[in-house]
Amino acid sequence: MAGKSGATPTTYSPSPTTQNKKRPPIFNDVDWVRSDARGFQQCRPAFLRTGAVNAASGSAYAEFGNTKVIVSVFGPRESKKAMMYSDVGRLNCNVSYTTFATPVRGQGSDNKEFSSILHKALEGAIILDSFPKTTVDVFALVLESGGSDLPVVISCASLALADAGIMMYDLVASVSVSCLGKNLVIDPISEEERYQDGSVMISCMPSRNEVTQLTVTGEWSTPKIHEAMELCLDACSKLGKIMRSCLKEATSALQE
Amino acid sequence: MKMGSANASSDLSSEVEVDAFRRLFPLRFHERHLLESIRPDARPLGKARDTTLALGAVASADGSALAKIGCTTMLAAIKMEIMTPTTESPDEGCIAIDFHMPPICSPIVRPGRPAEAAPVVSKQLSDTISSSGMINLKELSLVNGKAAWMAYLDIYCLDADGALFDAALLSAVAAFSHLQIPVVSLNDDGRIVVFSEENGGKLENEPVNKEKRKLKLSRIPFSLTCILHKNYILADPTAEEESIMETLVTVVLDSSFQLVSLYKPGGPVLAYTSAVQDCLALTRQRVKELQKILNEAISDMEVD
């Protein structure tokens, strides 16, 4: 009963697998309705809260539709023994999924690729000189994956860093846009991501107008990519405002 | 350190002194409180922390629950999959329980270096749930000898602040109360698939479990962990208390107050039978509270 793969018989999920299905023709039309009835350029409503995990130095919970993540920040604390001396602080990031995050039960293992992207997205925003010789750990757990997981993790992580009192130049807000046929859809859900032709993700510091990270995949034409970047940057600045007000609410609640 | 003479007005230096005293002499700090029959978080010794329960927290799972005892938070979710039953018990399904402590939950857990406590709690949970007889594994059977349910129960600790087993068990039983088994049918290839009105309308693919959407839970187990320290018994310890005073006793009773299990994994304090009986009495009290909390969570869900 220990849930180890060796001891338990092989099982399968009764739900039909959607992995190999062809893209529904609807996505090729100019006009279609998104399954959550949003406009193409409309983000999902964001729910953000700081202080989700008491054991951490700082933490945040983010919920964008069905995408739910928790990020905890620990430190600044002693670096690993094997680490060389460094007069600037270190940032260590890790992203993992729960076994029930995806429709088909997963292994709940670390996501190495996301961990490294998260690191790169945050690195430029943190004032690493402010904690020499030590390490700040940023750990993210995706409770439920509903699409645009990585941008949600990045935004949530910057909120958790602020909650932990780590010095930053600005918050980092992150948004992605998918290209589906002739349309650009912002903040895509899992189904839209699965059938996308290309995607752009931008992480930026909204008040400084600086981009910390830009990821482009798939096939894009120059005018389309310009349009997508404009969309992302615009959404980032709006998200940045929501994140800021979340932090303000938390501190004013503390003072009362 | 003059704790007693601390000024009534919030004098910053005395506050710092108390905090320093707590860090430097944690045992003495706690014992000073115990002398006054109170704990640093203002609880009496025998009282558990505020407990909340929310069912159906995970949309992608078949059953789920979020349990909070004080700051300790557990998220449990069940995913149902199909297995071929063993030849020894062709009419029984199976339950696989896994307890996870992801690095977000505590400063002592690091990625790639799993917490020592996790496999211990995992085993304790499996043993408790199977030996309490809460779930009749025959109810998980679908087609005799051919197919049965495998219930994967995964419990994630989101915030670790002591009494991990108690919170994990509460979230586990709550997730089973919330579990809604999907309606499935046997397709032409002999595989079990989710039954849907649109494409499964053919007569030969009748659902095989129309009646059995909910598990009948009998004798639900509930637990309380206590710290034994000198002559004191502290119910529902925090992580700080657990790290300072090391003798733990966990009592598991079922809903009719029958003893399911009693763990006392060593520790420097050797318990007298009277102390064990006191722990049992505290647990009996606690089981009543937890039953009420679970029933309220279930009826809240039915209203929605």
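Guide: Start with A:Val71, whose bridge partner in β6(A) is A:Ala140. That pair belongs to a set of nine bridges joining strand β4 (residues 67–78) of chain A to β6(A), and the two run antiparallel. A word on terms: strands (E, at least two residues) and helices (H or I, at least four) are DSSP runs numbered from the N terminus, and two strands pair if DSSP finds at least two bridges between them. Bear in mind that this is a predicted model, where local features need pLDDT of at least 70, side-chain atom pairs count only at pLDDT 80 or more, and totals for chains, interfaces and linings use all residues. Residues are numbered from 1 along each chain as its sequence is written, while chains are lettered from A and ligands numbered from 1 in the order in which they are written.

Now for another partner of β6(A). Strand β5 (residues 90–97) of chain A is joined to β6(A) by eight bridges, and these two run parallel. Look for A:Asn92 here: its bridge partner in β6(A) is A:Asp137. To get from β5(A) to β6(A), the chain passes through helix α1 (residues 112–123) of chain A, and this β-α-β crossover is left-handed. (Right-handed would be a clockwise path from the first strand over the helix to the second, with the strands pointing away from the viewer.)

How covered is β6(A) itself? Mostly: of the eleven residues in 134–144, nine are buried. Buried means that 20 or more other C-beta atoms, placed from the backbone, lie within 10 Å of the residue's own; 12 or fewer is exposed, and in between is partly exposed. Across the 256 residues of chain A, 44% count as buried.

Beyond its neighbours within four places in sequence, its contacts include A:Val138, A:Phe139 and A:Ala140, along with A:Val153 and A:Cys156. A contact needs C-beta atoms, placed from the backbone, within 7 Å. The largest nonpolar core has 156 residues, and A:Val71, A:Leu118, A:Val138 and A:Val153 touch the most other members. Such a core is a set of buried Ala, Val, Leu, Ile, Met, Phe, Trp, Tyr and Cys residues joined through C-beta atoms within 7 Å.

Stepping back, chain A has four helices and ten strands, in the order β-β-β-β-β-α-β-α-β-β-α-β-β-α. Its radius of gyration is 19 Å, close to the 18 Å that the globule rule gives for 256 residues, so chain A is as compact as a globular protein of that length. The radius is taken over C-alpha atoms, and the rule is 2.2 Å times the number of residues to the power 0.38. Of the contacts in chain A with a separation of 6 or more, 68% come from residues 24 or more positions apart.

Further along, strands β7 (residues 173–180) and β8 (residues 183–186) of chain A pair antiparallel over four bridges, with A:Leu180 opposite A:Asn183. Two residues sit between the strands of this hairpin, and A:Gly181 takes a positive phi near 60°.

Finally, look across to chain B. The contact takes 33 residues from chain A and 41 residues from chain B. Strand β1 (residues 11–12) of chain A runs antiparallel to β3(B), joined by two bridges, and B:Ile82 is the bridge partner of A:Tyr12.

Conventions: Two residues are in contact if their C-beta atoms, placed from the backbone, lie within 7 Å.
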